[in-house]
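Here are my comments on the model, as numbered points. Please read them with the coordinates open.

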Amino acid sequence: RLKIFRQWHASVRQKLFVRQQRYLSSRLLLARAIYCQPVIELKTKIHELRKAAFVAPLSHNRLQSKTLFIFMEQQLIAKKAAMFTCERIMKRVVDITGVACESVKSLQYTKDKSVSLPKELCALLFQKLEEGRTRGPPINSEIEERRAHRRLVTSAANDRGLLTNFVRLVDCIMVETVISNVMLSFTENLLANLVDTHHKVGLFEVTVGFESRGTTFSPMLSDFLSMSQRVTDDTITILCRIPRVLDSRSCIEHCPWTSFASKIDEVIHSLPLFRRFIDALRNKFRLDFKLAMHKAAVFDSVRPIYEESRSFIPRLYRSKARTFSELQVEFEQICAWQQELDKMRARESSGTIEATSRQLKRALLPFVEAKHGLLKSIIRDEARVQCSNLRTMLVMRVEVLEAIPKNLDGFASYLEQTGAYDEQEISRIRGPVDRMYTLLQMNEVKIPPDDLVALDEMHSLAARYSKQLVAAHTFKENEHAN
């Protein structure tokens, strides 16, 4: 009896399993033959849809940085191309879904031939008995035929009942595919490349500048944070414009209510992965700008040039009186500044940021060149004036020294006039003039011919002055001895 009970129990369980299997098969879309082919075609379109790149690919061996504007232009082009691909594929998906719906709707429902009622089976049996000896098809075969037809009618009804779920399933599959593809573009294409440190240069080019408050970058950190927000917002906005299966005319009659449909923007913003991506992107830019600001200290050596250029007025600078020593110190300083600009580093990498000093050099170099040229002009003018004054003095003194007196009264006047004459005094006055012209010649400054002639005359007069000074000294000693 136990054996019989076990056999009965196993049979009952098998029947329950078969019943549940049949029920699930009648409700599962992939278990219905008429829905299998559309689902297979949808899988092909899903594979094509995953090739749409919503983020422009970043070079893995980049050797040159790009500006933020160029990066945004590339992202816009990539979004347009991805949008075109998505629209083309989604239109094809809508067509596939519409054809599947029409196929299910076109199934014939001939209920008049079905044997749904027991009375019809009795009528059929009575008809066969009345026929008697008339040969015809067996009654069992006709009953089986009607039962098979009834199963087909039931299956068709079940297929029609699943149309709404099929449309919703296709819409959910495509929405999920689009969202997963976008998130893959965000995390794998954009964020992973930004975090990657195996690059020779930074991805984004920023220019270093000076302001009264300190060193600045252009574009600033706020511009990059706005860019990251704009990239994601523009992408999500474009996704919301992609045609959906629920909105198509061929499918809307099978799923007239769309309030349950998930909105793409709400789904993406609710994803923890998306929130982590936004935070990681913003933190990456913050860290890179902090590192770039720390490395920007190499440009502090040229900051005094910026500070002086802010208050530099050529007219006022020229009108200020200066000694040659002061002019020489300023000239040496401007030459040192020029050397600093020449050896200043052109770029400094800090993660995704490539800080360049081209604009800073272009902004400071005109001031350095202008002041350098102004100093050359001031020194040349000052040398001309001092040379002229010294030449006038030497001419006058040489004339006095050469006028040897003939009597005692003239000798007394001669002593009075030449008593203060000293060669060291002339050397002290002549020295700055020679050094100014030497400085101009060393820096390849073009000296006017008249100035060179005046310089030669001054040297000749200085030689005559020295000679006459010695002669006057000898004359005075001889007169005193007599």
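**Salt bridges and surface**

1. Aspartate 381 and arginine 384 meet through their side chains in a salt bridge, at 3.0 Å from N to O. The term means a side-chain nitrogen of Lys or Arg within 4 Å of a carboxyl oxygen of Asp or Glu. By this rule the count comes to 18 salt bridges.

2. This is a predicted model: local features need pLDDT of at least 70, side-chain atom pairs count only at pLDDT 80 or more, and totals for chains, interfaces and linings use all residues. Residues are numbered from 1 along each chain as its sequence is written, and side-chain values use heavy atoms, with hydrogens and water left out.

3. Aspartate 381 and arginine 384 are about one helical turn apart, because three residues separate them in helix H14 (residues 358-402). Helices are DSSP runs of H or I with at least four residues, numbered from the N terminus.

4. Arginine 384 also forms a salt bridge with aspartate 451 (3.0 Å, N to O). This pair links distant parts of the chain: aspartate 451 lies in helix H17 (residues 449-481), 67 residues from arginine 384 in helix H14. Shared partners join Arg318, Asp381, Arg384 and Asp451 into one network.

5. Is aspartate 451 buried or exposed? Aspartate 451 is buried, at 6% relative accessibility. Arginine 384 is partly exposed at 32%. Buried means under 20% relative accessible area, exposed over 50%, partly exposed in between (1.4 Å probe, protein chains only).

6. Glutamate 307 forms a salt bridge with arginine 310, with the closest N and O atoms 3.6 Å apart. Arginine 310 is exposed, at 51% relative accessible area.

Note on methods. Helix = DSSP H or I, 4+ residues; strand = E, 2+ residues; numbered from the N terminus.
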